[in-house]
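User: I would like to learn how to read the interfaces in a model with several chains. Could we begin with the general idea and then turn to the case at hand?

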Amino acid sequence: MSEFGHILLTFLFPLTLFTAVTAFLAGRNHRESMYQAARNGTYAIWIVTTLAILALEALMLQGDFSNAFVYGNTNRALPGFYKIVALWAGHDGSLLFWTWIITSFSALVVYQNRNKNRELMPYVILTMIGTTVFFTALNLFIANPFDTWMQNINGVMTPVAAADGRGLNPLLQHPAMIIHPPILYIGYVGTVVPFAFAIAALLTGRLGSSWIKITRRWALVSWGFLSVGILLGGKWAYVELGWGGYWAWDPVENASLLPWLTSTAYVHSVMIQERKGMLKVWNMSLVIGTYLLAIFGTFLTRSGIVSSVHAFAESGIGPAFAAFIVFAIITSIGLIFWRRKELSSEEHFESLVSRESGFMFNNLLFVLATIAVLWGTLFPVISEAFTGEQITVGPPWFNTIMIPIGLALLLLTGVGPLLAWRRTSIESLRKSFGYPFIASVVVLLGMFFFGIRDGWALGSFTISFFVLWIIVAEFLQGARIRSKNAQENILTAMAMLTMKNTRRYGGYIIHIAVVVIFMGFTGAAFNTETRQEVATGGSFNFAGYTFMCIEKGHSTNDNFRTDFVDLQLFKDGRKVDDLRPAKRMYFASKQPTTEVAIYSTLREDIYVVTVGESEDGKMAILQIYRNPLVMWVWLGSLILIVGTILVLIPNYREKKRKPAAQQTHARHEVHA
Amino acid sequence: MTTFAIIFGFGLIAWVISPLFKKSGQVFEVHSQAADLEDMKSRVYHNIKDLEFDYALGRLSEQDFQTIRIAFTQEATQVVARLEQLQKHDLDALIAQDLKKMGDGPAAAVAAGAPKFCMDCGHKNPAKAKFCSACGEKFEEI
Amino acid sequence: MSGKNKKIKFIVGIGIIITAVVALALSGFKKDYAYFKTVTEVYTMGSRAYDHPLKVKGDLVKGTVVKKGSELNFQIIESGQTMDVHYIGTDPIPDTFNNDMEAEVVVSGRLAADNVFKAERIQAKCASKYEADYSGNTQASL
């Protein structure tokens, strides 16, 4: 089966080259025959890649340990389900998985556009399959999952048919960790589609907003999956890694955040191009930047370039990827420069206080945030290039920059939608912001007198309140007017309003989600922690709770040994939860893990880990964190998913005629 | 397994390159101007809708609303007019194509050296002209 | 609003934002930076090693881990040079940290005058895997 897999990859690589070249020629000479061949090629590529994935999965399920990848990531005792998902646990398998996703998306895009966008499609195929060429080359030459497992025996690398494998990293044997990579990959790979259409637009000179409209849903789906992937990663880190937090500005985390930042800027900025034909160069740069950062992120995660610069250079992946990115940057800048005339704005900014300017400042803040995160992540490499010494920066540096930027963006979330196109009159500003502003000042003073003194927390809660007020007012105002005109009750009116304007109101719901998540983040300003020793039968108090230790003990099964502490949590004399923090030792991989115990309410999380035991073994040493408002982050994530689904749904169109109260010209049809 | 793989592989290759052997040779015609104008039309309509929404929510005074609405409507009129003109131009090209298909008439004998008249502005151009020297409109390769 | 006036307002607005972010970056840097060194590189730094926050990378020396309640001492080694580490942080020690594991360690903190490294944070990566851990490192951090 491994040889079959090898054959498939060897066949795949020239096929991708052929398809890319054919697509390029089809774009140049407009020949139908070339275009058809390129399309067939795209489908064929998908078929072959799917077969390769199936071959690899067969090897995993069969437990063929003569294969290096199967050996390194599975073992006999591993449950079947984990054998399947181990595909993306290891380097080679996950890269093949990446390739499978991009070939699937390519085939889907070709199928979606089989009867339209004839002019753009050849170059779309060229770009998507061009990227596929690169990844297929990696799959074949550098990270081949069908390689034989070899060991150094007497100085010679010899194939070994091992009896059992090394098993799956126990940290990965967790539901959140299983779905996290596929979700993130769909987000990453999804960025290729808008990018491909952008490149096609540049090459053909069709630089109106058609390429944007065609890829609107792809861009939103990609953004949605990236958002969920990042939040899921945070949730996993919080629940599994045991240090009490969900974000550490780690290079791997930053790698997923970077394309998200530019993607968020992009989905907003394109609205300006659709309405006013402005910010064309911004949009081109943002969509290209998102793609490049997604590719960059894939490799940052997989090659450990920043945590060890030397490993990056040695692995072979590093130079290949660097070359690809440099090539892509040069080509993209060249194309933008070549088409700079067609990319000039059709209209101009009239006022600082207009919706156009709001979007422009939105872009600016997101791009500055991206540059800051990129700078901080790569600083060891940059500083070494200039001073010969590697200098790192940590969470305090990132937070110093990102908190103010985040709050500014949050403020813009509330202010932006109420600004008018071109110019907003003072009158309008007063009407829109008067009440919410006064109410927010009241809330701010209230919090201050309540005892909250942390400046950033005060700012964050105040702005959150301000934005929430505005968004809710938007819903109510629109619903009130509609309920009057359409004779519906206020709730039905709100529902109908949302369904007939999914872009606008779905977007508002996503903004609500962002505010909720931000408030969750702000809770961290009030985190407290303590370290306690306790034995069976003992108890202690912390943060208004009483902790009773029922038992400190241990147990064993086939897979691992557990050292646990059984606790009962009481508040105001009433039991609220059972907690069982523990440490596990997995036999196969000899790897220890921490099992965190969390009691979660809307107000706070009580988060317990065991950190050791006393010398006589009688007392367990526990670290307990009180983390306020963490649940809001996860709640906000759910709201975000709902909002994203809404934005993707087409507007609900009523079949009957609209009431006379609304002015509609019979001739004019609004394109969705 | 291997025999199956080889047969399947060859089958796939054959399917992929088969379009290259079909003698369609059809050169895809590119209609670009209409798409740009459709773009602009859709944009103006969305702007009008946005404006009506803002006004309905009381964010705009009656006067501002009317002024801006008139400006947008004028823009829309211009774009739609240009679109109709373009569609008429396509009709002219279609008619010319049909005439050609009808075959040689008496004029064919002298057609080789006959001047071309521009469809848009009517200006007389030399027989071999690719562009109208008065208005710059491209002569269709029919 | 005149054209030039308008342009200046925009440039000033953009300029203020960019300046603010750069200022934040610089002030943040003074608050939090660290030289990333291997054990041998620290010793070649000379007296500078005591003046700056450091992140030091080395391999855990098997058998040197001494845990006394919440106190932790161990030794790391790199290219033959060893360094004594005393952990003064408050966070849980990573699971990979015991006398049975081979781990690559990065400690963050400062080198004290007695050449014992006072670590506030420890990151440990299991060296037995032949490729980078998927999850990166398990961290104890603030």
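Analyst: A polar contact is a pair of N or O atoms within 3.5 Å, and within protein one of them must be able to donate a hydrogen and the other to accept it. This is a predicted model, and between chain A and chain B the count is six residue pairs in polar contact, both residues being at pLDDT 80 or more.

User: Which elements of chain A supply at least two residues of the side that touches chain B, and which gives the most?

Analyst: Helices α1 (2-29), α2 (32-62), α9 (210-214), α11 (251-276), α17 (426-450), α18 (455-486) and α20 (502-522) of chain A each supply at least two residues of that side, and α2(A) gives the most, with twelve residues. By class, the side of chain A that touches chain B has 17 nonpolar, 20 polar and 17 charged residues.

User: How should I express the size of such an interface, and what is the area buried between chain A and chain B?

Analyst: The size of an interface is often given as the accessible area lost when the parts come together. Between chain A and chain B the buried area is about 4300 Å², of which carbon and sulfur atoms give 57%, and 54 residues of chain A are in contact with 41 residues of chain B.

User: How many salt bridges are there between chain A and chain B?

Analyst: Side chains of opposite charge can pair when their charged atoms come close. The count between chain A and chain B is four salt bridges; one of them joins B:R43 and A:E346, at 3.1 Å from N to O. B:D50 forms a salt bridge with A:R504, where the closest N and O atoms are 3.8 Å apart, and this pair crosses between chains, from helix α2 (residues 33-56) of chain B to helix α20 of chain A.

User: Are B:D50 and A:R504 buried or exposed, and which residues are linked in a network with them?

Analyst: Both B:D50 and A:R504 are buried, and the network of salt bridges links A:R275, A:R504 and B:D50. For a pair within chain B, consider B:R69 and B:E52, whose closest N and O atoms are 2.8 Å apart in a salt bridge. Because B:R69 lies in helix α3 (residues 62-101) of chain B and B:E52 in helix α2 of chain B, the pair ties together parts that are 17 residues apart in sequence; both residues are buried.

User: Where does A:S209 lie, and with which residues is it in contact once its neighbours within four places in sequence are left aside?

Analyst: A:S209 lies in the loop between α8 (192-204) and α9 of chain A, and, with those neighbours left aside, it is in contact with A:Q273, A:E274 and B:D39. Buried means under 20% relative accessible area, so A:S209, with a relative accessible area of 3%, is buried.

User: Of the two pairs of chains in contact, which share the most contacts?

Analyst: Chains A and C share the most contacts of the two pairs, with 46 residues of chain C in contact with 60 residues of chain A. The area buried between them is about 4600 Å², of which carbon and sulfur atoms give 59%. No contact joins chain B and chain C, and their closest C-alpha atoms lie 18 Å apart.

User: How many salt bridges and polar contacts does the rule find across the interface of chain C and chain A?

Analyst: Across the interface of chain C and chain A the rule finds two salt bridges, one of which brings together the side chains of C:K37 and A:E389, at 2.7 Å from N to O. The rule also finds nine residue pairs in polar contact there, both residues at pLDDT 80 or more. The elements that give two or more residues to this side of chain C are α1 (3-31), β1 (34-38), β2 (54-60), β7 (116-126) and β8 (138-140) of chain C, and α1(C) gives the most, with 14 residues.

User: In which sense do strand β3 of chain A and β1(C) pair, parallel or antiparallel?

Analyst: Strand β3 (residues 390-392) of chain A pairs with β1(C) in the antiparallel sense, over three bridges, and A:I391 stands opposite C:Y35 in β1(C).

Key: Residues are numbered from 1 along each chain as its sequence is written. Chains are lettered from A and ligands numbered from 1 in the order in which they are written. This is a predicted model: local features need pLDDT of at least 70, side-chain atom pairs count only at pLDDT 80 or more; totals for chains, interfaces and linings use all residues. Side-chain values use heavy atoms; hydrogens and water are left out. Contact means heavy atoms within 4.5 Å. Buried area is the accessible area (1.4 Å probe) that two parts lose on being put together, summed over both. A polar contact is a pair of N or O atoms within 3.5 Å; within protein, one must be able to donate a hydrogen and the other to accept it, and residues adjacent in sequence count only if both atoms are side-chain atoms. Helices (H or I, at least four residues) and strands (E, at least two) are DSSP runs, numbered from the N terminus. Two strands pair if DSSP finds at least two bridges between them. Ala, Val, Leu, Ile, Met, Phe, Trp, Tyr, Cys and Pro count as nonpolar, Asp, Glu, Lys and Arg as charged, and the others, Gly among them, as polar. Buried means under 20% relative accessible area, exposed over 50%, partly exposed in between (1.4 Å probe, protein chains only).
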